[in-house]
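Subject: Structure for your review

Dear colleague,

Please find below the structure that I am handing over to you.

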Amino acid sequence: MPQSKPTACLALADGTLFYGQGFGATGQTVAELCFNTAMTGYQEIMTDPSYAGQIVTFTFPHVGNVGVNPDDDETGDPVAAGMVVKWDPTEPSNWRSAENLKPWLERRGRIGIGGVDTRRLTRAIRQQGSPHVALAHDPEGNFDIAALVKAARGFPGLVGLDLAKDVTCAQSYRWDEMRWAWPEGYTPQTEPKFKVVALDFGAKRNILRCLASVGCDVTVLPATATSEEVLAHDPDGVFLSNGPGDPAATGKYAVPMIKDVLEKTDLPVFGICLGHQMLALALGARTIKMNHGHHGANHPVKDLETGKVEITSMNHGFTVDSQTLPQGVVETHVSLFDGSNCGIRMAERPVFSVQYHPEASPGPQDSFYLFERFAAAMDARKVTA
């Protein structure tokens, strides 16, 4: 069979080229390239704000087979800059599908490339670190290779980049929708027990749903909110959300807010992903850039205090340096892939966080207990108040 002319090109900063068939939007984008090993949830991954500034290589070959639907969006629009897949996306076959993946990406301005040797690409990312890339889609197959490589080399990278400001909400809002359940779907929390302020560094909707499902009336504030704005809501607890970019950059304004909340109150505090890193920075630790990060729904994490192993969802390119944790801060979880830090808590206070995503969207639900732990801490504080 004659080979069709490539309509997309992925150019790495070192000059390596991958050709394939483009889909979704046309044009060109530059970003950091990562890979995700999840077997499901490509829509949730593409709409996860934590992927701002990144193009995602999907190691699972079947992408597009369940279509897309409004219920599975983690935010209003795709945030990942593009997607790389093994095979051209297939027609959907799922009762929840409302639209095909290709027109959905085109309408949302995101580029895709199929027909790529994703196994070779993933090996390159693991061995060399997450490369800077340029991805171009031209239906005529005309590419200026030198310009693409130059664009990839010109990408500044994520170190020192504050992306939380780009994905946070513009103004505060309330959230009461709980997790999806058969047959009702999403239902509202009508009898909340706790008032929670959630700082939106790039919050996923399913995290907010998990908070509502354990009895929280959630008020979401922008990433740049001050401690005065947080405490003005008289919350029972404070939640620090996931998000993209370099935690040290976001920490320039978020860390002083967190420190002030910890100094002025005894409120329970719970952080996830970037929120975990923000809390660690506020407590005196440091964060570092990883070689290729953790992105997938099959990451084993050990709870050092119980000995239990959880299979978790992860999406992060920076990590807390456990060697810099100060006295009074306990390391609670570690990755069984590489030993990196995955959780901390204050020794004498209900303040804790995890690097992984216990909301499981997509992924296993082993870690939902963390939301219940947060609710229990708020309940205990009410009893003793």
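In the counts of residue classes below, Ala, Val, Leu, Ile, Met, Phe, Trp, Tyr, Cys and Pro are taken as nonpolar, Asp, Glu, Lys and Arg as charged, and the others, Gly among them, as polar. Please note that this is a predicted model.

The second largest cavity holds about 110 Å³ of space. Its lining of 16 residues divides into 6 nonpolar, 6 polar and 4 charged. Lys204, Ser313, Met314, Asn315 and Pro362 lie nearest the centre of this cavity. At least two lining residues come from each of α1, β13 and β14, and β14 gives the most, with 3 residues.

In total, 3 cavities of 30 Å³ or more were counted. The space in the largest cavity is about 130 Å³. Of the 17 residues that line the largest cavity, Ser50, Pro244, Gly245, His316 and Gly317 lie nearest its centre. Here too β14 (309–320) is among the elements that each supply at least two lining residues, together with α9 (274–283) and β13 (287–303); β14 again gives the most, with 4 residues. By class, this lining has 6 nonpolar, 9 polar and 2 charged residues.

Yours sincerely

Note on methods:
Residues are numbered from 1 along each chain as its sequence is written. This is a predicted model: local features need pLDDT of at least 70, side-chain atom pairs count only at pLDDT 80 or more; totals for chains, interfaces and linings use all residues. Side-chain values use heavy atoms; hydrogens and water are left out. On a 1 Å grid over the protein atoms alone, a cavity is a set of points where a 1.4 Å probe fits but cannot get out, and a pocket is an open set with protein on both sides within 12 Å along at least five of seven lines; lining residues have an atom within 4 Å of a point. Grid points are joined across faces, edges and corners, and a volume is the space filled by probe spheres set on the points.
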